[in-house]
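Let's take a look around the inside of this one. Here are the sequence and the model to keep beside you as you read.

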Amino acid sequence: MTYLAKPRLHHPTLATNKVGYTRRDYEGKISTLCAGCGHDSISAAIIEACWELDIEPHRVAKLSGIGCSSKTPDYFLGASHGFNTVHGRMPSVLTGANLANRDLLYLGVSGDGDSASIGLGQFAHAMRRGVRMAYIVENNGVYGLTKGQFSATADQGSKSKKGVVNTDSPVDLVAMALQLGASYVGRGFSGNKAQLVPLIKGAISHGGAAFIDVISPCVAFNNHPGSTKSYDYVREHNEAVSRIDFISGREEITVDMGPGEVVDVRQHDGTLLRLRSLHPGYDPGDRHAAMAHMQRHQEMGEVVTGLLFVDPLASDLHTALNTSDRPLNALGPAELCPGAEALARLNASLR
Amino acid sequence: MSAVRPPEGAKAPSGGSEAHEVASVGVIPIEAVNDFVIKFANVNGSGSASANELFAKAILRMGVPVSPRNIFPSNIQGLPTWYEVRVTEAGHLGRRGGTDMMVAMNPQTWDADLAELEPGGYLFYDSTRPLPPSKFRDDIRVIGMPLTEICNAVYHDPRQRQLFKNIVYVGALAILLGIEPEVVEKLFGEQYKGKEKLLASNVQALHLGCDFARENLEPLGLRVRRADKVGNRIFVDGNSAAALGCVYGGATVAAWYPITPSSSVAEAFQKYCTKFRVDPATGQHRFAIVQAEDELASIGMVVGAGWNGARAFTATSGPGISLMSEFIGLAYFAEIPVTIIDVQRGGPSTGMPTRTQQADILACAYASHGDTRHVLLFPEDPHECFEQAAAALDLADRLQTPVFLMTDLDIGMNQRLCAPFAWDDSVAYDRGKVMSAEELEAGRDFGRYKDVDGDGIPWRTLPGTHPTKGSYFTRGTTRDAYARYSERGPDYIYNMERLLKKFATAATLVPQPVLHPAAEKTELGVIYFGSTSPAMHEALQALEARGIHLDALRLRAFPFPDSVVQFLARHRQVFVVEQNRDAQMRSLLVNELDIDPARLVRVLHFDGTPITARFIVEAIGTHVHKTQASGAADTKEPA
């Protein structure tokens, strides 16, 4: 599928949004991820959110680190500039890009390996700096590109594809984002588009650092010996991998849940994920309550999804730095260079 | 010991201490006018820095060039610190070596400070607490002054007693050496403009020192005499100059992480931006400065800003370069303008954090994994720090690549007398090949990594430029000329060879080396660069006086322009003078120009102090005499 060109033709009656674009205009290249990968569902949700928000695709800058998730910016918003940076260090590059031109919308896409391990520091500091962006972590708990090592968000006691038991506690990026001062914090599930699209729309529209952790099951590497297809499947699958790097496709996992509902989702490896959608009466304006709520349900074995916290009046790094309204990359010598006369005065003061 | 009159009135210290001078029989004290080295030995944190700088500036105001150097430990306070001032009417701005007068204010370093004095030199010390004769040397002149006692008699606040002790000794030295106190007073006036109370108390302290010296001490053989040798030169440190160059060069984004000796670059950038770049109408800033969480983030921000069309820089030192290397490789391969100011210090590892070296040359020239080559600029003084910082921003944009300004602690943190900063208002910034929406609309073929002009430099577009044309995906992986992901060998080779071609183009754009021909025709040459410059110039004169003639070439950039190749071709043997252990510049010359290493003779100074003319003269002189004695035409290198 990687080498197939995407057909350019599309139905002439496709609906356009207020800025005159169809959904197709928000697509990118054909994904090279495994069929059924949750990340592709997230890409689809980003496409949907941007279309619905009437964003001009070229006014978005999409940045990522390295890894499966970080490949995805190539698969949406083909008319935007994209930047695959280095592993875990997307936040700093995005920060610099944002400082250079505050007029664009910044979409940071990362993975759990990218953000919770090598990039934990950069994730933390981007949150505390209040860099205006929608920071989406596509969280599957494993390293896909290097074939199945644990990431730092993997649950304690979970088993890798090779049967290794993870003894470390997981990093909870949502809890960290809340603590570090992110002004928009949510958690979604890749298969719950009805919830995810509005979450992303809210993040893009937010005036400060917006973070969404999206649980996104990995088709290929979240097996463990308890799985119905465990040992035989792994052997067979490994053979396939060593020959042609083929990973069998699965159906995309989707859920449909109403506000306040609890749904058990069976993942590709047979394990259950218990999702709880936030109740309609939940107040997302209280950071401390959000942290307590999330932790309480975590102890019950549930993963809370939805918009956990938002500060609608949040400001960003530009506000803190009192930066010019005009983008810094648009300023010319007249605005930047003090000139020869000022230099002569300066020279005089140095004698 | 010949006792002299005690001070009088309110200034009079009570108790047993007294001013005294000691001169050993048979020792001829050094006599010198406008040509000596005075060194202040202080305790870090005692507030001596501004007093010592004041001393140097006063001499400068009398028209006599000075070359001061801070020599300080990697410590907050309590440890020794020195400030050395070379008074040099001849204008030699390198370190000379040796000390003619020691102002010994640190008991901890007494023995070492004393030992450093040249025979016939002068020792000035606080005689409040008498010292036994065994604490002095026979071949020097000792001047004792009860500084603590004087200050204790006048000031009650302990901090004032400490701080004004420094001003009091400046006052005494002014009288002893012939520095006009009015000049110092005028400097105070400028420093404490609008702070009348501070001004008055400093002037009072100055006069305490002056009066005491006039009444109790004899003038020295070392004298400062008014001259007219400073001209319109300015006195400034390289870090401030580099920061100002970034302001003039149009840098709008600075991201940095504190590290000695580079921190003051970012701090000065902040200061100058606050002065020059605040919109008077709105109060908004035309700059963004972020103190990042580490060096990785600081270079990451610079990469992001450069990618998005802002001129951006970071300032760091060796350990920071190590941490930044991955991003530097990304910027090289993805072709993003990045300016890095590397204020070098002693390495490897934490090395000597507060000492100077030129030891990051190879680390910067080839930073990151894979095949990389980076543009390096080598300023010789603050003037060039300014000029080349601005030029680095232009070059980075033009070449779409990292550009390093390779300064060091010696230039960066010491005030140096140099030509005034100059700026031509008619010069526009070189933003390089950035394709506009109009050009894209007009149908210009845009292939991000296509070499359309034959110089190896492709065109780029900035994010957000055009709704349908011009967007591309930037990545550190291989791509084709249209920025499409590719792992095809030919695409990779096209890219890598184009990057080489771009590097060759860089050699035509970087500052050219400066040639100083010898007075007589010679087959010997010398190559040097950066902060070695002033010591080298003095050494060339001294060598010439000994009949050793050398054509001298000061490198100002890597890649090496053709003129470097020609210089090497013209000389049978070339000394390469540098401040590191492994002859890194020599290695770069050998590696890049494929030259016979035997023709390049190492002259290496790497103890962390700035190289001196004495050292260069000794090293080159010895080598030349040795080879002349052996009669060998093609000499071997010294071991």
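## The main core

Which residues touch the most other members in the largest nonpolar core? They are Phe211(A), Phe269(B), Val303(B) and Met585(B), in a core of 148 residues. Bear in mind that this is a predicted model. Helix H12 of chain B, residues 382-399, gives the most to this core, with eight residues.

Met585(B) is a handy place to start looking. Setting aside its neighbours within four places in sequence, Met585(B) is in contact with Ile361(B), Phe378(B), Phe529(B), Leu555(B), Phe560(B), Val576(B) and Glu578(B).

## Chain A at a glance

Chain A has 12 helices and 11 strands. Of its 351 residues, 57% count as buried. Its accessible surface comes to about 14700 Å², and carbon and sulfur atoms hold 53% of that.

How many cavities of 30 Å³ or more does the structure hold? There are eight. The largest has about 80 Å³ of space, and among its 13 lining residues Asn70(B), Ile71(B), Leu409(B), Gly608(B) and Pro610(B) are the closest to its centre. Strand E5 of chain B gives the most to this lining, with three residues. By class, the lining splits into four nonpolar, six polar and three charged residues.

The second largest cavity has a volume of about 60 Å³. Helix H15 of chain B, residues 489-509, gives the most to its lining, with four residues. Here the classes are six nonpolar, two polar and two charged, with Arg373(B), His374(B) and Phe503(B) among the lining residues.

Technical notes: Residues numbered from 1 in each chain as written. Chains lettered and ligands numbered in written order. Predicted model: local features only at pLDDT ≥ 70, side-chain atom pairs only at ≥ 80, totals over all residues. Heavy atoms only, no water. Helix = DSSP H or I, 4+ residues; strand = E, 2+ residues; numbered from the N terminus. Buried < 20%, exposed > 50% of the residue type's maximum accessible area, 1.4 Å probe, protein only. Areas by Shrake-Rupley, 256 points an atom, 1.4 Å probe, with all protein chains shown as cover. Core = buried A, V, L, I, M, F, W, Y, C linked by side-chain atoms within 4.5 Å. Contact = heavy atoms within 4.5 Å. 1 Å grid on protein atoms, 1.4 Å probe; cavity = no way out; pocket = protein on both sides within 12 Å on 5 of 7 lines; lining within 4 Å. Points joined across faces, edges and corners; volume = space filled by probe spheres on them. Nonpolar A, V, L, I, M, F, W, Y, C, P; charged D, E, K, R; others polar.
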